[in-house]
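Reader: I have a new model open on my screen and would like to talk it through with you. Could you take my questions one at a time?

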Amino acid sequence: ALTEVVGDAARVVDPDDIPAWAAAIGDLLDAPDGRSRSGELGRAQAARHSVAANAEALADVYRSALRSS
């Protein structure tokens, strides 16, 4: 789900809720510190979902399955 992917790095809004989009964009424009923090959180969140991280997680699942069989 999108919320699992973005974590705390993004504000998730209903794609059909125009006032929510306007508020979210307005908040970003009004808060440089918030933008900076979102950027930091986004980079950290992206690192958790890198190809290498996902490959290692999948390898862990396979190793666990092999130990169980």
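Author: Happy to, and the questions below go from the whole chain to single side chains. Please keep in mind that this is a predicted model.

Reader: What is the order of the elements from the N terminus on?

Author: The secondary structure of the protein chain comes to 4 helices and 0 strands. Read from the N terminus, the elements therefore run α-α-α-α.

Reader: What radius of gyration does the protein chain have, and how does that sit beside a compact globule of 69 residues?

Author: Start with the box that holds the C-alpha atoms, which is roughly 55 × 25 × 15 Å along the principal axes. A compact globule of 69 residues would have a radius of gyration near 11 Å. The protein chain, in contrast, has a value of 17 Å.

Reader: What share of the residues counts as buried?

Author: To count as buried, a residue needs a relative accessible area under 20%. The accessible surface of the chain comes to about 5,400 Å², and 61% of that belongs to carbon and sulfur atoms. Of the 69 residues, the buried share is 9%.

Reader: How far apart are the centres of the positive and negative side chains?

Author: The chain carries 7 positive side chains and 11 negative ones.

Reader: Which residues make the nonpolar surface patch, and what is its area?

Author: One member, Leu29, lies in helix 2, which covers residues 18-30. Leu29 counts as exposed because its relative accessibility is 63%, and the cut-off for exposed is over 50%. The patch is made by Ile18, Trp21, Ile25 and Leu29, with an area of about 440 Å².

Reader: Now for charged pairs: how many salt bridges does a search of the whole structure find?

Author: One of them joins Glu56 and Arg63, with the closest N and O atoms 2.6 Å apart. Searching the whole structure gives a total of 3.

Reader: Which residue forms a salt bridge with Asp27, and how many residues apart in sequence are the parts tied together?

Author: The partner of Asp27 is Arg11, and their closest N and O atoms are 2.2 Å apart. Asp27 lies in helix 2 while Arg11 sits in the loop between helix 1 (2-6) and helix 2, so the pair ties together parts 16 residues apart in sequence. Asp27 is partly exposed at 42% relative accessibility, and Arg11 is partly exposed too, at 48%. The answer is thus Arg11, with a sequence separation of 16 residues.

Reader: One last thing: how far apart in space are Val51 and Ile18?

Author: Val51 has its place in helix 4 and is exposed, with a relative accessible area of 71%. Along the sequence, Val51 and Ile18 are 33 residues apart. In space, C-alpha to C-alpha, the distance between Val51 and Ile18 is 34 Å.

How values were computed: Residues numbered from 1 in each chain as written. Predicted model: local features only at pLDDT ≥ 70, side-chain atom pairs only at ≥ 80, totals over all residues. Heavy atoms only, no water. Helix = DSSP H or I, 4+ residues; strand = E, 2+ residues; numbered from the N terminus. Rg over C-alpha atoms; globule rule 2.2 N^0.38 Å. Buried < 20%, exposed > 50% of the residue type's maximum accessible area, 1.4 Å probe, protein only. Areas by Shrake-Rupley, 256 points an atom, 1.4 Å probe, with all protein chains shown as cover. Lys, Arg positive; Asp, Glu negative; His and termini not counted. Charge placed at Lys NZ, Arg CZ, Asp CG, Glu CD. Patch = residues over 30% accessible without salt bridge, like charges linked within 9 Å, V, L, I, M, F, W, Y side chains within 5 Å. Salt bridge = Lys/Arg side-chain N within 4 Å of Asp/Glu carboxyl O.
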